[in-house]
Amino acid sequence: MRRRQQPPLPKRHGLDPARLRLPELGQWTTIRDHLVERLPRVPAARIDELLDAGEIVDLDGPIAPNAAYVPGGAVWFHRDLPEETPVPFDITVVHRDESLLVVDKPHFLATIPRGQHILETALVRLRRDLDLPDLVPAHRLDRVTAGLIMFIVDPAARGAYQTMFHRRAVRKEYEAIAPVRDDLTLPCTVRSRIIKEKQILAAQEVPGEPNAETEVELLEHRDGLGRYLLRPHTGRTHQLRLHMSSLGVPILGDDFYPEFTDKSVHDFTRPLQLLAATLEFTDPITRLPRRFETTRTLRAWTDPVGWAG
C-alpha cells in the first residue's frame, strides 16, 4: 500500500494543511498563476499575502512569489477558516485507552470538519482539548444526532477498527422520542430502498430492492409520546429518521422528515430527539467483547416542556 506523504506543515487548530497536487499538463508560468486559477474562491490578493508570508510551501520549504511552475509537484497551505458560531454544549468522554476514545457527542456538533463547520466539530475539539493530534473517527454521526462516537487514538489500529464499521460488525442501538400510534403494531422491522443524491440535503425512499433495514421497538409511552429503541442493520443516510417518518411517527425535532424546514445552523433549540445509545462489538485487536453506553438522555422525554421551549 502506498504510504501517505507527510505534510511539511504542522497541524493548526488540530487540522492538517491542505495539499494541492500540481497537474502534469498546463501553461502556467508560476505556481502563483496556477493557484489563482485553481482557487477561484480565494482572492488573488490573499494568495499573494500567503506567498509573501511564506505560508505556502513544498517539500523544500516556503515557495517564492515568483517560483516557477513544477508539473507534478505539490504544495501545502492552511486554508482560511470560516466564521463559526460556537456550539454551546460539551463533549463527554465515556472511555479512553491507548487505542480507542469513545465520547458522547452533543446535538448540533458535527463529527468532522466539513463546509462551514470546521473548529466547531467533535474531531477538532478532541484533538485540541485532549492533545491527540493523530485522532481519527472510526465512524460518523449526523450533526443533529447526539450520542456515542468512537475515535481511534493509535494510528496503527486505524485499519482494524474502521474496517469493523465498514463490515457492519458493530451492533448499534439508538433511542428516539416520537408520537405514538395506536394502530401501529410494534415491534416491527422496516425495510426500504433509500437513496441520497449529491447536492440534495434530504434522502428519499424509492421503489426497488430494499437496501436499508431497521428494527423498531416501543419501550414505553405517556401523554401521546413514545420512547423507542431502534436497531439499524444497515447504515444509509438518515435511515432511522426516514423509517420512523414512514411509520407515521416522525422523530421529534426532525427538520427534514416528513417535511423539510429551513432551520438555521445557528439555532440550537428543539434538537432532534435521536440518541446513539450503545455500541457493542468484538475488539478486532484484543478479541475481547466491548460495550459502551451513552451517558445522555433525550430531553423531550425527561423534560418535554423545557425541550419544547
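**Strand 8 and its surroundings**

Q: Which residue is the bridge partner of V136 in strand 8?
A: The partner of V136 in strand 8 is I152. Helices (H or I, at least four residues) and strands (E, at least two) are DSSP runs, numbered from the N terminus.

Q: What kind of model is this, and how are residues numbered?
A: This is a predicted model, in which local features need pLDDT of at least 70, side-chain atom pairs count only at pLDDT 80 or more, and totals for chains, interfaces and linings use all residues. Residues are numbered from 1 along each chain as its sequence is written, and side-chain values use heavy atoms, with hydrogens and water left out.

Q: Back to the pairing: how many bridges join strand 7 to strand 8?
A: Strand 7 (residues 136-137) and strand 8 run antiparallel and are joined by 2 bridges. Two strands pair if DSSP finds at least two bridges between them.

Q: And strand 6, in which sense does that pair with strand 8?
A: Strand 6 (residues 100-105) pairs with strand 8 in the antiparallel sense, over 6 bridges. K105 has G147 as its bridge partner in strand 8.

Q: What about strand 14: parallel or antiparallel to strand 8?
A: Strand 14 (residues 274-282) runs parallel to strand 8, with 2 bridges between them. In strand 14, A276 is the bridge partner of G147.

Q: How many residues of strand 8 are buried?
A: In strand 8 (residues 146-152), 7 of 7 residues are buried. Buried means under 20% relative accessible area (1.4 Å probe, protein chains only).

Q: Which elements cover helix 3?
A: The cover over the buried residues of helix 3 includes strand 6, strand 7 and strand 8. Helix 3 (residues 122-129) has 6 of its 8 residues buried, among them R125 and R127. After helix 3 comes D131, with a positive phi near 55 degrees.

Q: Changing topic, what lines the largest cavity?
A: Its lining includes E83, E84, H117, V265 and F268. A cavity is a set of points on a 1 Å grid over the protein atoms alone where a 1.4 Å probe fits but cannot get out, and lining residues have an atom within 4 Å of a point. The volume of the largest cavity, about 80 Å³, is the space filled by probe spheres set on the points, which are joined across faces, edges and corners.

Q: And the chain overall, how many helices and strands?
A: The chain has 7 helices and 15 strands, and 43% of its 309 residues are buried.

How values were computed:
On a 1 Å grid over the protein atoms alone, a cavity is a set of points where a 1.4 Å probe fits but cannot get out, and a pocket is an open set with protein on both sides within 12 Å along at least five of seven lines; lining residues have an atom within 4 Å of a point. Buried means under 20% relative accessible area, exposed over 50%, partly exposed in between (1.4 Å probe, protein chains only). Contact means heavy atoms within 4.5 Å.
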